[in-house]
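Here is a short report for a reader who is meeting this structure for the first time. Please keep the model open while reading.

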Amino acid sequence: MSLLTVDELTITFGGRGRKESRAVDGVSFEVDQGQVVGLVGESGCGKSVTSLALMGLLPSKGVTIGGRAEFDGTDLFTMNASARRDLRGSEMAMIFQDPLSSLNPVVPIGVQVIEILERHRGLKGEAARKEAAHLLDRVGIPDPTRRLKEYPHQLSGGMRQRALIAMAVACAPRMLIADEPTTALDVTIQAQILELLKELVDQEGTALLMITHDLGVVAGLCDQVNVLYAGKTVESAGRRELFGHPTHPYAHGLLGSIPRLDAPRGEPLTPIRGSINDRIAWADGCAFAPRCDRYEMGCLTGTPQLTEPRAAGHQVRCVNPVLDDAKAEEVTA
Amino acid sequence: MSLLELDGVKVHFPIKKGIFVDRTVGHVYAVDGVSLKVEAGETYGLVGESGCGKTTLGRSVLRLVDITEGSVVLDGTDLAKLPGEEMRRFRRRLQMVFQDPLGSLNPRQNIESILSEGMVAHGIGKDQEERREKIKSILEKVGLPSNALARYPHEFSGGQRQRIGIARALVLEPDVIICDEPVSALDVSVQAQVINLLDELQEELGLTYVVIAHDLAVVRHISDTIGVMYLGSLVEEAQSDALYAEPKHPYTKALMSAVPVPDPEVEDKRERILLTGDLPSPANPPAGCRFHTRCPWAQAERCATERPELRDVGGGHRVACHFADEIAAGTLKRTAGEVVSATREGVDDNPTSDDSATPAVPQQAASPERETTPEQAVAESEAQAEDKPEVAEAAAEGPEPAAEPAEKSDSDGKAEKTEKADGAEADGAEKSDDAEPAPKADDAKPAESAEKAG
């Protein structure tokens with residue numbers, strides 16, 4: 001039994017006469033203790049909305065959430081609000097993308113960290129301050145006692161992200177959701193933050209749901225990777241399997257369109273044509289079909305289902321998947 | 001002779017204080033002595049982290065910011081000394097493609113108006129008819145439908161907007177195009193389209209590019225020569241392949257090792273050099289080698305006092321490090337920093353049975369020991385607390401970065417203000433690299449535009 005089980009999650013925005021738009025359309029995945037699961041996709045694929053729904057951060061009006069999400073056996077979506085508040089921050093915590101806008105600019109870092117300790121762990125006064133300093137120290141912020149008194153703008157980008165991580169791990173949560181935790185950071189700082197996340201997972205056995213658009217980050221960090229497109233999982237596999245044999249034309253195309261540091265120069269990239277706007281509704285067929293090179297008539301006959309055309313545990317939502325290895329090798333070579 | 005030559009370019013922004021009188025209390029040394037040469041028809045890539053001055057350097061070439069010292073010579077003319085009107089006319093030969101395609105296009109102008117504005121200013125084309133013909137041919141080159149003329153920027157997707165930005169530069173038939181983070185605001189699949197477009201245009205029109213980007217993989221892909229910047233100066237410059245094969249400067253080494261490669265096989269074998277601390281403030285750069293506060297190989301005396309010059313170490317590979325040869329030979333020991341594996345410890349699968357590796361295997365293997373009782377968890381976290389001081393110490397070894405962010409953000413704010421006050425399109429925010437623009441629905445013939453894009 002997994003720590004977090006998400007089953008057929010659908011999220012629909014709209015109502016009040018406005019046209020409904022389905023951001024997430026039946027996404028299922030599981031995250032186990034000590035496991036890192038990646039949700040990968042381009043902007044608009046529904047990856048961030050998924051994380052907000054799991055944390056209960058979507059507004060109650062104008063959003064319809066369907067499907068089930070169970071955390072340690074309890075259904076997150078039917079839970080009452082106060083139980084949800086107890087859970088959020090202590091058992092499940094989130095690291096946001098932009099540390100400057102997720103920290104309160106007019107409150108010192110220390111107060112923001114202590115707030116969590118008071119709310120969830122009942123610490124007060126000196127004890128809470130000590131624990132806060134210890135947390136900052138643990139995420140690698142030098143001189144933590146001084147930093148506690150500083151405001152977010154006085155910290156550098158990398159240090160703000162560390163402070164945010166310190167707040168997320170304050171109550172030793174069993175589940176961490178990281179929404180693009182390194183996107184706003186420089187690569188050398190990104191390396192530091194990723195290292196910190198790795199330590200957390202290895203030493204504490206924290207489950208980590210990693211949401212990112214960067215396939216490079218995923219390759220080094222995640223056990224299981226889910227590639228999303230237009231609100232649906234199009235491919236799901238272990239990281240070696242996925243990167244070694246990308247089978248959905250979208251995942252295949254994504255890997256072909258990334259300039260790689262270790263690739264020989266001069267070879268043109270093989271981009272995916274069009275943009276995310278060129279899509280059709282999943283109900284009519286494969287949303288990726290208008291951009292797909294392997295498009296055939298079968299792509300337009302209803303929603304393609306997840307199958308395992310290549311290996312057990314390697315799920316692909318495609319009627320005409322990339323199965324010939326020669327082509328796949330060309331991309332990975 | 002090279003087409004574009006920069007010699008000792010410095011751009012310093014004054015830091016002003018006071019309400020009634022502007023006292024200058026210091027300078028932000030955004031660009032501090034950069035010399036480089038760009039040959040005709042080649043692509044020069046400038047790479048570095050935010051705050052290293054790469055954007056300011058690019059803007060200074062077009063004189064969008066004032067050059068404090070040094071010369072920028074394009075085809076024999078020193079731009080730094082040209083008076084305003086002549087400089088304006090000269091800008092036809094130097095064009096820029098900006099980072100944020102939506103922010104750099106006027107939302108109230110249609111595409112024809114945006115593209116013809118520059119042509120009118122520079123007196124290209126007799127009448128609007130002639131200009132329109134020219135614009136149409138350029139639009140076709142950059143892969144936009146010809147019905148784009150009457151449409152407005154919001155009607156296009158992010159990739160298409162960047163194509164408009166490129167078309168705007170191209171209509172003036174410039175010699176050099178400066179691309180400031182041309183793809184960083186775009187999605188991965190669209191990035192590749194734009195990169196390929198830049199490549200094709202260069203081949204077809206013989207353009208010269210200066211590409212400024214923070215993404216080393218992108219820069220390596222499109223550039224012939226790469227210059228790596230750190231805190232306002234070049235630390236290394238080499239041919240793209242030579243730089244990748246053998247980075248000589250410690251900063252370049254760390255930067256390259258930090259770039260993730262989307263391939264688990266490669267990632268498993270790679271090691272990462274973790275730098276300690278953050279970028280020091282450009283308002284108060286460290287003495288001696290700018291990088292010595294974070295350098296894993298920093299030596300006690302020389303690095304802290306003597307600023308290394310960019311020197312040729314053979315084959316046009318220039319590096320600004322006193323000990324580049326020793327580090328390459330492996331005779332110098334690392335004094336700080338950490339080298340870690342690029343992948344997570346105990347991450348999944350056994351490489352031997354690659355195909356059959358199911359994700360269930362690792363978690364089963366891992367879960368028994370992970371089911372810790374509360375006591376164990378406490379013991380574990382205590383053990384960790386004991387481990388930690390080392391790391392904290394390592395981070396504290398660079399005393400300056402630890403003490404400075406306050407000043408840094410302060411002065412950065414000022415720098416930005418001056419930059420913005422300077423006019424021109426405000427794309428000052430170097431850091432918002434991955435701001436995802438929400439593309440509007442592109443209702444008119446998306447399929448057609450997709451075809452052309454492909």
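## Chain B overall

This is a predicted model. Chain B holds 17 helices and 14 strands. It has 454 residues, and 48% of them count as buried.

Among contacts with a separation of 6 or more, 68% are between residues 24 or more positions apart.

## An open sheet in chain B

Four strands of chain B make an open sheet. Their order is S2-S1-S4-S5, and the pairing is antiparallel. The edges are strand S2 (23-38) and strand S5 (77-78) of chain B. Each of these two pairs on one side only.

Strand S1 (residues 4-17) of chain B runs antiparallel to S2(B), and 12 bridges join the two. In general, the strands of a sheet pair through backbone hydrogen bonds.

## Helix H4 of chain A

Helix H4 of chain A covers residues 109-121, which is 13 residues. From first C-alpha to last, H4(A) reaches 18 Å, close to the 18 Å expected at 1.5 Å a residue. Just after H4(A) comes Gly122(A), with a positive phi of about 65°.

Which residues of H4(A) are buried? They are Ile109(A), Gly110(A), Gln112(A), Val113(A), Ile114(A), Ile116(A) and Leu117(A). Their cover includes helix H5 (125-138), helix H6 (144-147) and helix H7 (157-168) of chain A. In general, an α-helix has 3.6 residues a turn, so residues three or four places apart point the same way.

## Two loop residues with positive phi

Ala230(A) lies in the loop between strand S9 (224-229) and strand S10 (232-238) of chain A. Its phi is near 50°, a positive value in a residue other than glycine. Is Ala230(A) buried or exposed? Ala230(A) is buried, because 23 other C-beta atoms lie within 10 Å, and the cut-off is 20 or more.

Glu181(B) sits in the loop between strand S7 (176-180) and helix H6 (188-205) of chain B. Glu181(B) also is not a glycine, and its phi is positive, near 45°. Glu181(B) has 24 C-beta neighbours inside 10 Å, so it counts as buried.

Key
Residues numbered from 1 in each chain as written. Chains lettered and ligands numbered in written order. Predicted model: local features only at pLDDT ≥ 70, side-chain atom pairs only at ≥ 80, totals over all residues. Buried ≥ 20, exposed ≤ 12 C-beta atoms within 10 Å, placed from the backbone. Expected span 1.5 Å × (residues − 1). Contact = placed C-beta atoms within 7 Å. Pairing = 2+ DSSP bridges.
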